[in-house]
Amino acid sequence: MSYYKLQSIFFMVICSIYILVTQVSYQLDSSLNVDRERSHFQNILSEKNQLLTGIKSKDEEIFSNYPKKLKIIEITSSPFLQKLSKILSNKGWKKALRKEKIPFAQQSCLIIGKNGSTKVQIGHKMDDIFDKGWDKSIFLALNNPKTMYSRLQAIYRYPVTPEEFQNYFQSFQVLYHKNNQFVFRYYTKVKKLDVFYLVRLNMVNKKELINSTLDFFESSYPNIKSGHNDTIILGENSEVLNSTKDGLWYKANYISYFDYISKFVYFNCFFVLILAILYAFGGYRVIAIHFEFKFLIIYLFFIYMLSLVFLQSFEYLKNNKRDLLKREYESKWLSHIKLIEDQYFSYREELRVKILKEFDTDTMFKGDLWNGDIYGIWSTKGKSILSHQNLDSFNYSWLTRYMPYLAGKQPELPIQTDKLADISSYLGIQEDPEKAMFTDFFVGNNKRKTIFDGGKIFSTHSFRIFKSIPIMGQSIEILFAKKGVGEDYQLMLTKTTMASLQSQFFKSHKIGPDSPSLIIKSQRSREDFFKHSYDKPISVQEFDSLYTRFLNQKGSMIEFRKNDQDYFAMFLKSNVFKYYDLLFLIEKDVLYASLDKMQTDLYRFVWFFYIAVLLISYLLTKVILKPIRKLKKGLIKVKHNDLDVQLEVKGQDESAQVITQFNSMVLELQRKEKMLPFISSAVFELLRSGSGKIDTKYSGNAVVLFSDIKSFTKISETRDPQEVVDMLNDYFSIWQEKIERNGGIVDRFIGDAISVVYFEKSSHNFIQQAIQTSVEVMEALQKLNKTRKENGEFVIENGVGLVFGEVYFSMVGDENKMEFLIQGIPVALSEYLEGQSRYSNHSHIILDPYIKKAAEYQYDFAEFEVEDKSLGKFYELVL
């Protein structure tokens, strides 16, 4: 195979491994991303289905202002109304407004006025519902509070006070008008512009509600479009989650394989660097030749692939961490509510202590705590002082009516009577019949006993502490105290509402730097709107919109998008702050900031790990390769026939054992070098022990072959000596070839005779090899005789004796001359059998019973009798 082809295959294999690993990582990441995107879309679909469930057609409507319709209109109109406030805050708002799509355009009216006149009116004119010129009337009413009471009747069927009108500022209100027509009204003010958005509920049908809902989700989420079936689009594939004609199409954040690997810029650069290094040092050859490069490449690829797998595992960890962070924040928000409740009780107690301190030091109503909605009366003989100069009717009558009643129940009061008028006179309380009548209208005199006695206001433990009394759907907080005796006897009664007390607490409440973002809104007053630790603007309108939208998910983590920013939030209720809604929220990026930091730290660790592994692998390779390099130098010396080398052995590890074996090998080579001139390689291998050392003695089972030429003495005497020598050369050449082929060892040549040994140690087929040698020699001898006869030369015959048994093999002599000696019964017996072969009738190959038994299935044999019957049976090979 050519060099360039090998290089191509090598780099193709490396790139294939890279593609394989990154593909596995990509598939895992893609699976996680798909699950995450599908879960996100399922949450959106769940919200959509909750809105669309229960929508009625026109024929099914009993009242056109049923709750589901109101909720959908409020939710789907809120984004437009929020955007409208921003548009009207800028110059050129009229031009920008014409480009906007108004919700329920066919059934709604957007009207904007300034200084008592109409500036812009878009949509349905509403003249068939309201009186003619209604728009002028409402803007004049707003421009002149004195005429508001009467002029607002243009859109209301009853007189409206400014207070009632303002209660629905930046919120929706259902108006019932003539001919059973319902109008959904929204009012806000931007700078000096008065804005009304009116929707005719009777005219809004089911299809418009559905389309408006789909448009709302389409505008709220950039990757969502309306269409048939609820479908999630993943790259070039799409998956239908629900079959419906009113569906949403969600284009998930799906990245291709190439986009995925392009994220790992540093890792890809590192991979290219590895390829460049390999190419610069010769590609596959550098790995094939240099052991240290094999180590380095293995280390680098292992760490590189491990890092990809590790980063992918980190994605699973991030998913679990996301859920854990959300649960942590849920727990943190719940704990924060408990903290605020405790702080409120501390504030309430501090307030009680301040009021009692003023009472005890005769400095009542001197402090700034009376500037709010805390009202009090301080009474002594002939004198009662009120906390405020201008009390409204309710608070004035409440204090002046109940102080005489409470005072009359005190045994220390100098005057004892059941007549409240006498007690009022004694305490210097001036009654106003109209104010008293106002109080009795809402509370009733007959309820005073129930209120105070039922609340155990006169118990010993009820003095000087706040007591809560439910009146008119709210909780009245009272504090009653007394001191002195006789004419110095003094009484103090403080009254406020729980809502007022909590409102003052929230206004003065200070939060810590680590407090969560919290928005608090009163259910009764739009003015009570507090933002704690939240630097992004969110209006009352946006709060109400979120509250309406996620009304059914109180106490659960919700997710919404605002100004291209994703948020997690949770609406929570408190048993203490009953009249307030609490919204905790956090930006999604802030919540997951710790994950980004963790990922950054991970990347740093990976790079540190890379560098550390490179250094460690370099040092480790040096340590591992040091004995190998030492061994390499020794092998080079041995290669150049320098056997006087001995390497230093340090330690007992594998490398030390290898060097020890090398030293032993060199010593054996030295001995072999001395013996090689005198023995063959077959003898050398025979004398090698199991440990590799060369011995000079050996004993074991073997087959001894003996053969000589018949009548050789006569041939030597009658033939020319050179002719005899030539014949012997040809004859022994045949033997030498056949012996080497069949693994025999020549013991010695004795004139015309030859002695050969086949050891069991050399081959487990040693018996068959001995017979095969004999047969091949006989066949070759026949061919030799035929050639000699054709050439007019004399022919020869020989015999062979084969005997199995134990023999003793040893080397004798010194380093100048060495010979080996074979001893044992088989040596003499084989020579005897060869001599008896002159009486044979077949092949002239005589062998003992053991050899015959071992080869009886390969050859045919005939019994052969020798002269010495005591030696037993023998056999002749039949060819």
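Modeller: Four strands, in the order β6-β9-β7-β8, form an open sheet with mixed pairing. This is a predicted model, in which local features need pLDDT of at least 70, side-chain atom pairs count only at pLDDT 80 or more, and totals for chains, interfaces and linings use all residues. Residues are numbered from 1 along each chain as its sequence is written, and side-chain values use heavy atoms, without hydrogens and water.

Colleague: Why is one side of β6 and of β8 left without a neighbour in the sheet?

Modeller: β6 (224–227) and β8 (237–242) stand at the edges with a single partner strand each, so one side of each has no neighbour in the sheet. Strands here are DSSP runs of E with at least two residues, and helices are runs of H or I with at least four, numbered from the N terminus.

Colleague: What makes β6 and β9 a pair?

Modeller: Pairing requires at least two DSSP bridges between two strands; β6 and β9 (residues 247–251) have 4 bridges, in the antiparallel sense, and are therefore paired. G227 has G247 in β9 as its bridge partner.

Colleague: Why is Q107 called buried?

Modeller: Buried means under 20% relative accessible area, exposed over 50%, and partly exposed in between, with a 1.4 Å probe and protein chains only. Q107 has 12%, and is therefore buried. Q107 lies in the loop between α3 (93–98) and β1 (108–114).

Colleague: Which residues is K578 in contact with, leaving aside its neighbours within four places in sequence?

Modeller: K578 contacts Q502, Q523 and K573, where contact means heavy atoms within 4.5 Å. The loop holding K578 runs between β18 (565–572) and β19 (580–587).
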